[in-house]
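Hi,

Here is the structure I said I would pass on. Have a look at it first, and then read on for what turned up.

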Amino acid sequence: MNAITHLPSEWHNWIRENLARGCAPQSLIEDMVRNRFDPVFARAAVNGVMTNSSPFSTPAEPHAKAATGFIYEQPRLPAGNIIRTSDREVRVAMRTNRPVIAVLDGVLSHDECDEMIRRSADKMHRSTTVDPLTGKHEVIADRSSEGTFFALNADPFIARIDQRVAEIMSWPTDHGEGLQVLHYGTGGEYKPHFDYFPPEDPGSHVQMTIGGQRVSTLVMYLNDVEEGGTTIFPDVGLEVVPKKGSAVYFEYTNSKNQLDRLTLHGGSPVTRGEKWIVTKWMRQRRYGEMTTPANAEMTK
């Protein structure tokens with residue numbers, strides 16, 4: 001049975017009432033998990049109620065979740081129906097403003113998609129995620145994929161992609177983490193999560209010492225998936241179908257260091273075929289530059 005990734009009003013009230021009674025947040029999270037809530041979602045929901053910024057509600061009223069305290073600023077993604085980079089025109093197929101999400105066509109050519117897969121196929125290892133307590137990269141059951149990284153500007157081919165992606169995302173190239181290629185076989189999925197580092201997790205501060213908080217994500221699809229493998233945004237009811245060469249963009253950290261919890265997202269199970277993607281994450285500062293998270297500011 002699928003884990004629950006939305007918060008009915010009765011559960012919202014339950015969290016608020018038990019926090020008021022002095023119950024430990026971790027005990028509430030554990031109770032929610034026992035009642036089939038996704039662990040990452042449960043932690044985010046409890047933290048949101050604690051900070052009076054919970055974006056969660058029933059699926060029937062997604063727009064009510066916009067009142068989270070997050071201040072929406074001018075999106076970094078360029079305006080218009082076409083984004084012109086130094087070597088390619090990218091078409092905007094769809095946009096939302098709250099949260100900032102866009103589906104983009106023609107980010108990569110089909111030949112570039114094939115080349116990225118070819119370069120990655122013999123370098124794949126089981127994917128990891130950041131442990132919320134230690135900040136170390138660990139293998140978890142919620143992420144059933146294999147992956148590999150390419151260092152920034154590793155060679156002329158990778159440098160061309162890094163430059164184009166930076167222009168699309170309107171953020172300096174050297175603020176980006178290296179491109180990450182992921183492969184999901186049949187049944188592979190990534191349960192709903194945030195790409196930013198949750199400040200309530202001790203391990204996040206370890207990650208933010210090298211470039212600050214993540215600010216935006218671009219997920220590029222390297223193949224057409226026969227069935228499943230969609231990118232889901234459960235709190236806004238959006239589902240993006242993989243299309244070779246296309247991408248989905250979203251941003252979640254503003255100039256005030258606020259985090260947009262409406263960008264909770266995941267990869268639905270691949271039910272037939274396989275799925276290849278390449279992801280770029282942008283940071284507040286030059287990636288690798290040592291920073292103090294508490295004093296980090298947005299730069300561009």
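Predicted model: local features only at pLDDT ≥ 70, side-chain atom pairs only at ≥ 80, totals over all residues.

Four strands make up an open sheet in the order 9-15-12-13, with antiparallel pairing. At its edges are strand 9 (190-193) and strand 13 (238-240), each of which pairs on one side only. On average, neighbouring strands of this sheet are turned by 15° against each other, direction ignored. If you want to look at one pairing in detail, take strand 12 (residues 231-233) with strand 13: the two run antiparallel and share three bridges. There, T231 stands opposite V240 of strand 13.

As for the overall picture, the protein chain has six helices and 17 strands. It runs to 300 residues, of which 51% count as buried. Among contacts in the chain with a separation of 6 or more, 74% are between residues 24 or more positions apart.

Next, helix 4. Which residues of helix 4 (residues 110-120) are buried? They are E112, C113, M116, I117 and S120. Looking down the axis of helix 4, you will find these buried residues within an arc of 135°, so they line one face of the helix. On the other side, D111 and R118 are exposed. And what do the buried residues of helix 4 pack against? The partners are strand 7 (146-150), helix 5 (156-169), strand 8 (179-184), strand 10 (214-221) and strand 17 (275-283).

Now for the aromatic rings. A pair of them is described by the distance of the centres and the angle of the planes. The count here comes to seven aromatic pairs. One of them is W11 with W14, an edge-to-face pair at 5.0 Å centre to centre, with 70° between the planes. Both of these tryptophans belong to helix 1 (residues 9-20), where they are three residues apart, about one turn of the helix. W14 counts as partly exposed because its relative accessibility is 24%.

W11 also pairs with F37, again edge-to-face, at 4.9 Å centre to centre and with 70° between the planes. W11 lies in helix 1, while F37 sits in the loop between helix 2 (25-34) and helix 3 (39-50), so this pair ties together parts that are 26 residues apart in sequence. With a relative accessibility of 3%, F37 counts as buried. Elsewhere, ring pairs link F194, Y196, F233, F250 and Y252 into a cluster.

The charged end of R76 sits over the ring of W171, 5.0 Å from the ring centre. K275 lies over the face of Y184, and here the distance to the ring centre is 5.1 Å.

Then there are a few backbone details to look up. Most residues other than glycine have a negative phi, and most peptide bonds are trans.

R36 is not a glycine, yet it has a positive phi of about 75°. You will find R36 in the loop between helix 2 and helix 3. It is partly exposed, with a relative accessible area of 41%. S170 is another residue other than glycine with a positive phi, in this case near 55°. S170 is in the loop between helix 5 and strand 8. Is S170 buried or exposed? It is buried, since its relative accessible area is 18% and the cut-off for buried is under 20%.

Q207 and F197 are 10 residues apart in sequence, and their C-alpha atoms are 7.6 Å apart in space.

That's it from me. Enjoy looking around!

Cheers

Technical notes: Residues numbered from 1 in each chain as written. Heavy atoms only, no water. Buried < 20%, exposed > 50% of the residue type's maximum accessible area, 1.4 Å probe, protein only. Arc of directions from axis to C-beta. Contact = heavy atoms within 4.5 Å. Pairing = 2+ DSSP bridges. Axes fitted to C-alpha atoms, helices over the stretch in contact; angles between N-to-C directions. Phe/Tyr/Trp six-rings, centres within 6.5 Å; stacked < 30°, edge-to-face > 60°. Lys NZ or Arg CZ within 6 Å of the ring centre and 35° of its normal.
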